[in-house]
Amino acid sequence: MNLVSYEDALASYDPVMGLEVHVELGTKTKMFCGCSTELGAEPNSQTCPTCLGLPGSLPVVNAVGVESAVKIGLALNCEIAEWCRFARKNYFYPDMPKNFQTSQYDEPIAFNGYLDVQLEDGSTFRVEIERAHMEEDTGKSSHVGGATGRIHGATHSLLDYNRAGIPLIEIVTKPIVGAGERAPEVAKAYVAELRELIKALGVSEARMDKGQMRCDVNLSLRPNGTETFGTRSETKNVNSLRSVERAARFEIQRHATVLTDGGTIIQETRHFHEEDGTTTSGRIKDNAEDYRYFPEPDLVPVAPAREWVEELRAGLPELPRVRRARLQAEWGLSDKDMQAVLNAGAVEPIQETIAAGAPADQARKWWMGELARRANETGTELSEQPITPAQVARVAALVAEGKLNDKLARQVIEAVLAGEGEPDEVVEKRGLAVVSDDSALGAAVDQAIAENEAIAAKIRDGKIAAVGALVGAVMKATRGQADAARVKDLILEKLGAA
Amino acid sequence: MTDLIRTPIIKWGAAETASAIAKGEVSAVEVAQAHLDRIEAVDKKVNAFLHVDTEGALNAAKAVDEKRAKGEELGPLAGVPLALKDVFTTKGIPTTCGSKMLEGWIPPYDATLTTRLKDAGVVILGKTNMDEFAMGSSTENSAYGPTGNPWDLTRIPGGSGGGSAAALAAFEAPLAIGTDTGGSIRQPGAVTGTVGVKPTYGSVSRYGLVAFSSSLDQGGPCARTVLDAALLHEAIAGHDPLDSTSIDAPVPAVVEAAKMRDIRGMRIGVVKEFAGEGYQAGVMQRFNESVELLRELGAEVVEVSCPSFTLALPAYYLIAPSECSSNLARFDAMRYGLRVGDNGSRSAEEVTALTREAGFGDEVKRRIILGTYALSSGYYDAYYGSAQKVRTLISRDFDTAFAGVDVLVSPTTPTTAFPIGERADDPMAMYLADLCTIPSNLAGNAAMSLPVGLAPEDNLPVGLQIIAPAMADDRLYRVGGAVEAALNEKWGHTLLEEVPAL
């Protein structure tokens, strides 16, 4: 299919988006039973009659799950329901043990909020929140024997119910209109901001790569200047910030292509492909899909006491926007520099590097320099680089201690990224430590003076500035491993200019 | 106790049995064996049991005897045999719910009620027959054949808990457990001449009770006497953190109430709507005599009107099927129970469909279809939504009535036991059996069926229904205990002494 270009698409159509984000809460136990939520356990080892939906089993609501939901609602500027119920969403699927999902329907715990997100040009875009509701995750199906790992073509499927019943909060936006060509950017910025918010609240690690945060991008186009929304597609499980942006962009182009050809958009779910940034058709959502929601009779209503809600509101941590302003001041950055840090996704890494003991300028230097470049080259997120803030802080410390210079430090960083181990191990294995032993340096200094008599003479005459050339010669001779400051001192000393 | 010793063990009541065991007049093992022998002798005719756990029962009895030998104190029901409706999970013991769908399923866990019975030293003899997934009023919907009514084996023992009620009337057990969603404890009690109580919704844990209709289901005691029912009620009721709908409040003093035998000054309301067309003459005769007896015993009897009760049946047949359509969705052949048609080439969806086609009986399918329809978008408000409004109206009628009276009374069911097969092909006629019992399920309050004699025209038992407000279950036992004592005195024996020998 020849896609209409992004620019041409926007010239004729106005995108309308809806974003649905599922966040797996970091509670110790599942939403409706006492099973562990720890990831990575033996399949089906973290199950019980309730999360397996065995006959006779009953759910009991996880109080921490409710508390997390209220915190998220408050942080999203939502109203918190005084009284709400769970509902059953009925549909058959083997990874759902009861063949209904315990969710919330027309009585969500939080509703009518907004989240202000910052775009790359520094402007703010307000995304309105329709609702945030509580529900449970399904089990996980693995389709075996096919080429794609999808159910089509598989010979059989395996089911792991460890994930079944893990608490989820689904956060649904109101239709996002007016973003125009910036729609994909808004989508990415919203998910990024939401992720920061969730992490700040401490209710989930919100790791998209681990499926702790999953995004569905609903998108439709309408001809510019018209009001009625077009038919939407629902691109499911878009699981990185970059993919959110790419999926929105692709769908804008795809819809425009179909519409320009005089075709109609089918309401369907679509799968996003990381490899080439495209989407393909999943399940057609026709009107036959009817979840037959009704209030969950096995659970009593949730009625968060107003005093408790206010207590939670008062106890909310510093929210990301506020925190960013504070950090900008603390780090002494201009608006432009701070925006660059934000755009690079470097706030967290820099802050954690500082927390691990590095000075602010060093932390920023490494993340915004070497590491940002690498992220850019490899098309990955800064936070996904195979180096930890603690490791960067250690490199900075080695520089501060004079054990590494800048050039060596860069080599150490590269080696850590290449998986050669901790910074100290790299220094050890590669023998990268700065040479500051005077006797070893003495010979090199003497040689440099002997080979550059004319410069040495100038220094003896008081032209101290000329020392740089001799230092350079020594550094070259020691293949960069010398402590430049110490070399300079030694030269001046020997030439009686100290 | 000399009288008792001359009477066969199987005729003893639960209270007497426990007392005899505690005193060492009989061992729990002897008691268990006597009942196992009785089951062996008569259950081929009655078909009250789907599974008899001989080994488990004898081991449980032995444990009680050992406890006594060590001088440990025994609870008020220690060593008493019980027949458990096959809708409660029992670890390691089959639980079928009367359905092919669960044939061979061995639950890995005990229901809270099962645990409480075991903790009380109650000896579980086995699991009793029932209408499939508790849907029915005759036990004819069991996938394992109908149960006979010990008063006349060609007649139904009521349902869905026909097995539990028949086990009592056939002297196969002195105690039984039932569940009551629309009358499944009380109606079988009425037609078998036994006592059945639906406790207040939320007072007996539903954890491990395989759900039919979650907002209506309630486990409860079945016995041959009011006191025995009260003892069992006390053993199984109480808050359970595993059931969110469980009430966290003290259990009403039901045993004390059963022993009072004094209803002077109580105000009793006769529900006007439960009479007239469709009510058998003999049922109304015994009912009216009971009302007269209540007056004689010193109660003040008034007529009350609960106009919304006439809407209870249709509302129930929207709410219960709706919930059941969702509750029974889990039977999909994936994780447990029946699996049909898995030939290696069919999809999971096809296997689920084939299994549900083969595994569910007609009545279950009928209700799943009804409920699926009632919950469908576009129909929800008209059906499920309206039914919930009716439910509220019924609760209000009860509130109004209970503002003026302590308990309400009515016949438990409009007729005596009907012949097996008579209503099997007429669901509407079958549904009418629960006309008087359903309002209490919809309102969540407490109700009892008590035997009050035989209908003169067919010599079959008639039940009196007593209804009390939620958490006032003790009033049922106070009224029931007094009426039972007065009738036994009048007859010179208990009603069940008239049940024909099997």
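Predicted model: local features only at pLDDT ≥ 70, side-chain atom pairs only at ≥ 80, totals over all residues.
## Basis

Local features are reported at pLDDT of at least 70 and side-chain atom pairs at pLDDT 80 or more, while totals for chains, interfaces and linings use all residues. Residues are numbered from 1 along each chain as its sequence is written, and chains are lettered from A in the order in which they are written.

## Chain B

Chain B has 17 helices and 11 strands; these are DSSP runs numbered from the N terminus, with helices (H or I) of at least four residues and strands (E) of at least two. Its radius of gyration, taken over C-alpha atoms, is 21 Å, close to the 23 Å from the globule rule for 502 residues, so chain B is as compact as a globular protein of that length. The globule rule is 2.2 Å times the number of residues to the power 0.38. Along the principal axes, the C-alpha atoms of chain B fill a box of roughly 70 × 55 × 45 Å.

Of the 502 residues in chain B, 61% are buried. A residue is buried if 20 or more other C-beta atoms lie within 10 Å of its own, exposed if 12 or fewer, and partly exposed in between, with C-beta atoms placed from the backbone.

## Where the chains meet

In chain A, 24 residues are in contact with 32 residues of chain B (contact: C-beta atoms, placed from the backbone, within 7 Å). The chain A side has 15 nonpolar, 4 polar and 5 charged residues. Nonpolar covers Ala, Val, Leu, Ile, Met, Phe, Trp, Tyr, Cys and Pro; charged covers Asp, Glu, Lys and Arg; the others, Gly among them, are polar.

## Two helix pairs in chain A

The axes of H10 (residues 389-400) and H11 (residues 406-417) of chain A come within 10 Å and cross at roughly 160 degrees. H10(A) and H11(A) are therefore roughly antiparallel. Angles under 35 degrees count as roughly parallel, over 145 as roughly antiparallel, 65 to 115 as roughly perpendicular and the rest as oblique. Axes are lines fitted to C-alpha atoms, for helices over the stretch in contact, and angles run from 0 to 180 degrees between N-to-C directions.

H13 (residues 438-451) and H16 (residues 484-494) of chain A have axes that come within 10 Å and cross at roughly 60 degrees, and H13(A) and H16(A) are therefore oblique to each other.

## A loop residue

A:Gly379 lies in the loop between H9 (360-378) and H10 of chain A. A:Gly379 counts as exposed because it has 7 C-beta neighbours inside 10 Å.

Methods
Contact = placed C-beta atoms within 7 Å.
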